[in-house]
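Here are my notes on this model, as numbered points. Please read them with the coordinates open.

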Amino acid sequence: MGVIELAGEFAVRVNGLKYSYPDGTPALRGIDLVVRRGESVAIMGPNGAGKSTLTMHLNGILAGEGRIEVMGVEVNKKNIKRVRSIVGLVFQDPDDQLFSPTVREDVAFGPLNMRMPVEDVERAVKRTLEWVGMEGSEERSPHHMSFGEKKRVSLATVLSMDPDILVLDEPAANMDPRGRREFMELLSCLKVTRLVVTHDLDMARRLCPRTIVMEKGLIVADGATSNLLSDKDFLYRSGLA
Amino acid sequence: MKHDFVDRYARLESPVHSLDARAKSIALFAVIIACVTTPATAWWPVCIYAGILAIITVAAHIPWRYVLTRCLIVIPFVLVVAVFVPFMKGDGVVHIGALTLPKHGLLVLWNVFSKSIISVWAIILLSNTTVFSDLMHGFERMHVPKFFTIVSAFMYRYIFIIIDEAERMKRARDSRGYSGRWLWHAKVIGHIIASLFLRSQERAERVYQAMSARGFDGTFPRWRETRLMAADYLFMSIVVLAALAGRLVAIWA
């Protein structure tokens, strides 16, 4: 009973995660991390700190040593389908995320992979496109859209799977100020557990009450965003500002 | 960067656009096959094929200007053949002004020109009356190998991104004083091609990761199954029969 309750409390639980690139370079050198349900966490740190590598472990794209649980489900080969419907990953470059000839097919791709019934898929496509403000774009192709629009559709392709945990890699990178502001407003309305990889201090402050800072494959700081990001010395030392 | 897309009019609304992709591909491929198997000496059939395509062009509201400019793509190939015309000796010559040209050579030129124009015209109609993804789904339903349809779909999606990448690299190169005039500049082009290849491969890896993250397991899901309607069968039979008639006229003549 106690174990079930405990499992129910956490969205993400990572224990002793280690990973090396195929050439032997260590990328993650022992990560321990717990994220509660409904929490919004910023993951910060210099380039090459292992932020993206960590996020790709959360739904089994990469597999290192250690144990990862999402919503009480262990991330392993056997559970991979379930894990991928729990954790939605939005990649940095929307051109990597959107590969289909039309928006509709791309937003439907995840739900169809989950073997969702066709009527539900249609509804999910409609609902998520409306939600990101791209309704009526079903038949458009991504290469006719602006960067901001592609970014919104990328988010929709993951939201259509109704994930419990949303992981965003550099959601505001390369966006113009208005696009960035609108995208942030969109993200702030989401009720799911969020992990946001970012270099953007302002974004971390607005979206995430909690921040973890990574450096050379380790978590070097974990705490309230307001405390961490107001410490100028710390920001300078860890290369965040 | 903006590109001129090969399917600019694919989303118009017309009786032709609303037909099933399979009906259109079968009908237009029938025209192409009839045309390329027609003997060079037969003139009339070519008029019939052109007539079929002209009617479809009008019915689909595709601007003539667009069709003509797109058809120009065959001109370089025809010109290559034209260069050899004076050397193709056969029986009989034709006098055009001061030029004396062998009849056989002109016939070959006409043959290449008419067949390539009809074929390209048919493909322009197919790609401008059918949304690309519908076309690929149609091909899949007609049991065209999945490898072909998937590779085409990815190419359609990513070719302009790769062209943009090449263009950016070219600008960065030119802004550092590259003129392309010296032999050692050839090496630079080699580097650009190599790094384009590497970038594309890296992108392919990231695209695949993003697909796996959404539960992709190697099989593409399908959801919209359309059925051939009476209009599709009607269109298909009229066009195929007309093309067949053209081909028969060639035999009879």
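1. Start with a residue pair. Lys18(A) stands opposite Arg29(A), and Arg29(A) belongs to E2(A). This is a predicted model, so treat the pair as part of a prediction.

2. How many bridges join strand E1 of chain A to E2(A)? There are eight, and the two strands run antiparallel. E1(A) covers residues 10-20.

3. Now the sheet around that pair of strands. It is open and has four strands of chain A, in the order E2-E1-E4-E5. The pairing is antiparallel. Strand E2 (26-36) and strand E5 (73-74) of chain A form the edges, each pairing on one side only.

4. Next, the cores. The largest nonpolar core has 70 residues. Among those with the most contacts inside this core are Ile43(A), Val70(A), Val87(A) and Val196(A). Beyond its neighbours within four places in sequence, Val196(A) is in contact with Ala42(A), Ile43(A), Leu168(A), Pro171(A), Leu207(A) and Cys208(A). Another core, of 28 residues, lies apart from the largest one. Its members include Ile48(B), Tyr49(B), Met236(B) and Ala243(B).

5. Last, the contact between the chains. Chain A gives 26 residues and chain B gives 22 residues. On the side of chain A that touches chain B, the elements giving two or more residues are helix H3 (80-86), helix H4 (94-97), helix H5 (103-113) and helix H6 (118-131) of chain A. Which element supplies the largest share of that side? H5(A) does, with six residues.

6. The make-up of that side of chain A, by class, is 13 nonpolar, eight polar and five charged residues.

Notes. Residues are numbered from 1 along each chain as its sequence is written. Chains are lettered from A and ligands numbered from 1 in the order in which they are written. This is a predicted model: local features need pLDDT of at least 70, side-chain atom pairs count only at pLDDT 80 or more; totals for chains, interfaces and linings use all residues. A nonpolar core is a set of buried Ala, Val, Leu, Ile, Met, Phe, Trp, Tyr and Cys residues joined through C-beta atoms within 7 Å. A residue is buried if 20 or more other C-beta atoms lie within 10 Å of its own, exposed if 12 or fewer, and partly exposed in between; C-beta atoms are placed from the backbone. Two residues are in contact if their C-beta atoms, placed from the backbone, lie within 7 Å. Two strands pair if DSSP finds at least two bridges between them. Ala, Val, Leu, Ile, Met, Phe, Trp, Tyr, Cys and Pro count as nonpolar, Asp, Glu, Lys and Arg as charged, and the others, Gly among them, as polar.
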